[in-house]
Amino acid sequence: MTCLGLEVGLRFLPVNSGVRMQETTPSTPYARYRPLQPYVYSYGWAMNNAQTGVTSREGFNNSKDFADGANALVIGDSFIEAYMVPYADTVQGQLDAALGKVYAASSSGNGLADALQLSRIFVPRLHPKTVVLFVEPWDLRLIDQGSGRGHNLFVFGKDGVTVEHQPYVESKIKLQMLRSALARYVYYNLKLPDWAQGKGAGPAAGPAADAAQRAAAVARRDKAMDYLLKELDGLQRQYGSRFVFLVDADRATIYANGKAKSNWLPGDREYLLARLRAGGFGIVDMEPVFNEHWNNYRERMDSLPMDGHWNKVGHKLAAEGVLKLIGK
Amino acid sequence: MLFNTFAFFAVFLPLSLAGYFLISKKNLRGSIVFLLVASVIFYSYWDVRYLPLLALSIVANFFTGRAIVMSRDRDALAAARRWLVAGLVFNLALLIFFKYANFIVVNFAAVTGLDIASPGIELPIGISFFTFTQIAYLVDCHQGKVHETRPESYGLFVTYFPHLIAGPILHHKEMIPQFDAPATHVFGSGRLVVGMLFFTIGLFKKVILADGVARFVGPVFDVHYAELTQLEAWAGALAYTFQLYFDFSAYSDMAYGLSYMFGIILPINFNSPYKSTSIIEFWRRWHITLSTFLRDYLYIPLGGNRKGQAQRYTNLTITMLLGGLWHGANWTFIVWGGLHGVYLMINHAIRSVLGERGGMVRSVLGFFATMLAVVVAWVVFRANSLEIAISVLKAMLHGTAAPAASEAMLGANRIMAMDECLWWLAACTLIVLVLPNAYDALGRGPLPDKEERLRGSRGGLVAGALLMFSLLLLAISETRGVSEFLYFNF
């Protein structure tokens, strides 16, 4: 009775609908959603920040439908996909308002291997003048790690680094289950499966193992970055697109006046910026921008502690940074 | 172990109830021992390191109490008094060492300029509550209110898990007769459902209301306290006012409900304090068992109101300062206690002038004045330092944000979702002022009629609904990150 009551009640509330992913194939090896799919987004138990929308024909959120001759293509993860921000407030929405023909190819959980795969597929199709590639701390932290289904990962073989795709096949049981508003609430709003997985995780490794693992991870990070930047440089040269890296700031430490623990691993951020400079890539570093904004207005660039994704302030400052760099 | 976790609700509680009532069928004393062991496991699950301290405290107080009773029985009143003093010194020494040593050393170093580091002693959870419970026990022994002492009953009286961590502060005479009563040990499905009703009301208050409004407190008190608009400062202060209210009210309801399931009625600790029309009334409704303890074991022994007005105010001030200090080793708590001491003095002075005159106007004005005084004092109570408290209070008075803050892109939502916050505050105000509390709605003390009505299929239906609702609330609590009850820190 209670379940039935909850089911009926939740059907009138903005429960996160979830967005069905499209199954991936060898010719489409990247995460995207079913095209033209209406959705409801909300966050947490109280269904905060409810937003509605429809995915694009290419299966991305917060993007106009793609057309050749793009002025810019924005590639990234959930920060760019940005279910929590209306299209007009997103980086790509604001760039489109300023430049026209700006598109976004981003999906939640994307890493740098996904960014490379998306660049390989969409740069030849759209011929964008600028490719804005969003990078956040976890992109570097997890650069040598496995990926979720539908995503790509760097594989470190004897012959060097390659990119491998993990196919996504939709679960029929999950599909049936998520017809229920109560199940969707528990799955997407409460994220009960994530919590259960976290509870089942084993203990962390000791400090000695940490140091050895970190050294090995740094070596793999360097190899992956060598490969990534070489491939992107090749695309730049072949198609005349310019790659601009949009690098997230260390917001937690900005808010805490340097006293909070950084999301970047020690040295990762400096390493990334040095490599990009050496490779001649464009850089929009949000650190000084966010820092200045915080000092002037004491205004957050996200919705922490509820949600660490950029809010409209973060997106606006990022768009201004990109426009400044590309000359408009 | 926290009441608002799956581990407690789905594992500990059913096993404890089943074990207690099954053993009760065979052996009443055995069920008391079982509940004592269960309570010790409950405490140790949190942090087993403090178990030896709890055990030492219980054993020492048990034997001290017995020595007092035996001395009284022999008419050796001087010896009984010596045992009482020894017991009080022991308890206060434990409390001072574990709760106040860091504070004393740090302040001594600050005053003398000596380079002494804080000893970094951790606060054992529940020490304030189990120490005060046992001080009251020793005094009751000395006053002849306690005549028998059985170790398992005494152990359970102190460790009984619904009250161990955050109260209420119990009296031996209230609990032991209930432990001994055969009726207590008989399982009743109606009793279980009534207990579940209280528990679920408390769980809702904790998970939805207290933790829901809590997110508007941190940005004001922990991040932006130096630069706040007037609206932000008031929103943060009111959010904390409701967070603390619902958090403590939730714990009290849950503890009451849990204990009800075991057939044991706990004293009511919280009785809609924000409906008070005076500070005197506020203290009769907020943390009732602590207020009663302070009155009976501190204010009255100091002389109470028997030695003239000046001495009465001095006694009030001392009682409230120590009551403040009981909450924690920080100047903020002392100032908070001092503020309430001043409030009480003013309140008594007004009452001595006006008597009972004033009617509705007095009630309305009294309500607003009381709320204003309470909110201002909560700001001091919540702030991590007096500097932060003064910053927030200044912002409540005239705003301290830089002029540029008015140009923020998010406007009033600059530091938190202000529009949501205002809705939350409005909802909390309505709930606090308009709705009856759990005891007004369901009843106080044993409720045999209600239990009778909730037996059988109707009770099963209600129990099923409460179970599902509780599981949903626990899922929200666990997935969001379980938050402790605020009074666990005191």
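**Helix contacts, chain B**

I started with α5(B) and α6(B): B:Phe130, B:Thr133, B:Gln134 and B:Tyr137 of α5(B) touch B:Tyr154, B:Phe157 and B:Val158 of α6(B). Contact here means heavy atoms within 4.5 Å. Helices (H or I, at least four residues) and strands (E, at least two) are DSSP runs, numbered from the N terminus. By class, this contact of α5(B) with α6(B) holds 5 nonpolar, 2 polar and no charged residues. Ala, Val, Leu, Ile, Met, Phe, Trp, Tyr, Cys and Pro count as nonpolar, Asp, Glu, Lys and Arg as charged, and the others, Gly among them, as polar.

I noted the ground rules: this is a predicted model, where local features need pLDDT of at least 70, side-chain atom pairs count only at pLDDT 80 or more, and totals for chains, interfaces and linings use all residues. Residues are numbered from 1 along each chain as its sequence is written, chains are lettered from A and ligands numbered from 1 in the order written, and side-chain values use heavy atoms, with hydrogens and water left out.

Next came the geometry. Two packed helices are described by the angle between their axes and the distance between the axes. Axes are lines fitted to C-alpha atoms, for helices over the stretch in contact, and angles run from 0 to 180 degrees between N-to-C directions. The axes of α5 (residues 127–142) and α6 (residues 151–159) of chain B come within 9 Å and cross at roughly 135 degrees. α5(B) and α6(B) are therefore oblique to each other. The scale: under 35 degrees is roughly parallel, over 145 roughly antiparallel, 65 to 115 roughly perpendicular, and the rest oblique.

I then checked α11(B) against α16(B). They pack at about 90 degrees, with axes 9 Å apart. That makes α11(B) roughly perpendicular to α16(B). Their contact includes B:Trp234 and B:Tyr240 of α11(B), and B:Trp378 and B:Arg382 of α16(B). I logged 11 nonpolar, 1 polar and 1 charged residues for the contact of α11(B) with α16(B).

Last pair: α1 (residues 6–26) and α9 (residues 189–214) of chain B. Their axes come within 14 Å and cross at roughly 150 degrees. That makes α1(B) roughly antiparallel to α9(B). B:Phe8, B:Phe9, B:Leu17 and B:Phe21 of α1(B) meet B:Arg191, B:Leu192, B:Met196 and B:Phe199 of α9(B). The classes are 7 nonpolar, no polar and 1 charged.

**Pocket and cavities**

Which residues lie closest to the centre of the second largest pocket? I found its volume to be about 830 Å³. Of its 36 lining residues, B:Ala214, B:Asp222, B:Gln243, B:Arg382 and B:Leu486 are the closest to the centre. A pocket is an open set of points on a 1 Å grid over the protein atoms alone, with protein on both sides within 12 Å along at least five of seven lines; a cavity is a set where a 1.4 Å probe fits but cannot get out; lining residues have an atom within 4 Å of a point. Points are joined across faces, edges and corners, and volume is the space filled by probe spheres set on them. α10(B) gives the largest share of this pocket's lining, 4 residues.

I counted 3 cavities of 30 Å³ or more. The largest cavity has about 50 Å³.
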